[in-house]
Amino acid sequence: MKLKEKPTWRELPFACCIPEPGNSVYYKTGDWKTLKPVVDKTKCIKCGTCWIFCPEYAYEEDEYGYFESNLEYCKGCGICARECPAQCITMEEEVVE
Amino acid sequence: MAKRTGIEVSIAIAEAARQADVDVVSAYPITPQTHIVEHLAQLVADGDLDANYITVESEHTAMSACVGASAAGARVFTSTSSQGLALMNEIVYLASSLRTPVVMALANRALSGPISIWNDHSDVMNERDTGWICIFANNGQEAYDLTLMAFRIGEDKRVMLPVMINFDGFILTHVIEPIYMFDDDEIADFIPPYEPVIYLDTDNPITMGPVGVPDIYTEAKKQQEVAIRESRSVIDEVFDEFAGRYGRRYRAVETYKAEDAEIVLLAQGSVIEAAEAAVDVLRDQGKKVGAVELRLWRPFPFDDLREVLCGTSIKQVVVLDRCISFGGPIGPVLSEVRSALYLEKDKPMVVGVVAGLGGRDIHLEEYIEMFRIGEECLRTGKDAGEEPELVKIVGLRE
């Protein structure tokens, strides 16, 4: 069940609790960022350091074992780029067409 | 049957928590509340109370543990005073926001500084707007009875709010009074087991106390405000049921010889009984005076107070504050009483006095002086004298 984004005070769950576990996926924070991580797969060693360090759990592993950030949630903090031991992630300005 | 027993009021309050069969007690000792938590610690250690007594390093943690335990579905009790409550403040506000019905016995004590371990109401007034149901007891029997009723009120599914029972430090806490103590089985069915509305459960996970973004926070606060206002009818129900079962009647606003009085003294806590003695002395001199006790502080009993004060024989109210609202309208009780009467057409004049700060006794002559101030205001027609906001402290050395 997706909660209404703007509930009235009567519709708001009791004591402002969140009755549905994991519903933060409905709250997309991707538009907070100015820089987005771009992974150079020719340098990536598939170690998963970016996946471990990402505070938003935005990194997802693909079928080939590479890690890619889900830009709907990535806030552009750049921790992945800083921590990547292969230095394969660069932060580039996100341009909205 | 309840037996009248000579017992220290603090011990009676701790016994009330035992009789309510609390699951968790978390508190930090502070004068003058200490005997309450000492006795509860003893009860748990001796196996006379099957509860988890969480020892902590501060009151901030005590209240945090209480909120956490209540969120997990436990019946929770704590007690504090003064600086302890001030240190709890952050989590006190959370307890009501999270709708965790913690019961707190607050042995009222002055706030520092200068350091004072003695009684006034500055500690509770500092927490006025934290969203707790707040009730005053004026003697040991009331403190015991109201502590029992606090669980019924706060844990009612229509309420789910924390409740603070106030009683004056030392004046009540350390005094041995004859109190009708219930037999355990006599009170057991008055306080049924606690059933939370929501609680932390690993099988059905929920989040309590999340971020409320600007689109949510206002609605959350409105929900809370409606809850505390609507708790009023439950408070009356519990008072009624208690009266029906045990014969002792509590009201949100109590009166003493106010029916035909022209001047009344309005106060909270143990001073009201001394004020009643002053009323008797003045009545013997033919003066039409009375006393009004504002027992229920939150939710504020607007209608009850208007019924007592407006359109009646009362022409002048003297509000006794046990706390100064520095640079403001004398004291918090005065400002709220005046505000409650503002839109009324047929209302008495209201003047404020401050007395009994930091444990200073208020003697009979000083209560009589308060009535004299009321008489003077009534005679001159000047609501609060020439300087209406000037704090008038009775018993001050000039």
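Helix axes are lines fitted to C-alpha atoms over the stretch in contact, and angles run from 0 to 180 degrees between N-to-C directions. Helices (H or I, at least four residues) and strands (E, at least two) are DSSP runs numbered from the N terminus. The structure is a predicted model, in which local features need pLDDT of at least 70, side-chain atom pairs count only at pLDDT 80 or more, and totals for chains, interfaces and linings use all residues. Residues are numbered from 1 along each chain as its sequence is written, and chains are lettered from A in the order in which they are written.

Chain B is divided into domain 1 (3-246) and domain 2 (253-380), with bounds that come from an automatic or database domain assignment. The centres of the two domains of chain B, taken over C-alpha atoms, are separated by 28 Å. Their contact involves 27 residues from domain 1 of chain B and 18 residues from domain 2 of chain B; two residues are in contact if their C-beta atoms, placed from the backbone, lie within 7 Å. On the side of domain 1 of chain B that touches domain 2 of chain B, at least two residues each are supplied by helix H5 (122-126), strand E6 (133-136), strand E7 (163-168) and H8 of chain B. H8(B) contributes the largest share of that side, five residues.

Asp145(B), Met149(B), Arg152(B) and Ile153(B) of H6(B) make the contact with Ser231(B), Val234(B), Ile235(B), Val238(B) and Phe242(B) of H8(B).

Helix H9 (residues 271-284) and helix H12 (residues 364-380) of chain B pack at about 70 degrees, with axes 9 Å apart, and are therefore roughly perpendicular to each other. Residues of this contact include Ala274(B) and Val281(B) of H9(B) and Tyr367(B) and Phe371(B) of H12(B). The contact of H9(B) with H12(B) has ten nonpolar, no polar and no charged residues.

How values were computed:
Parallel < 35°, antiparallel > 145°, perpendicular 65-115°, else oblique. Nonpolar A, V, L, I, M, F, W, Y, C, P; charged D, E, K, R; others polar.
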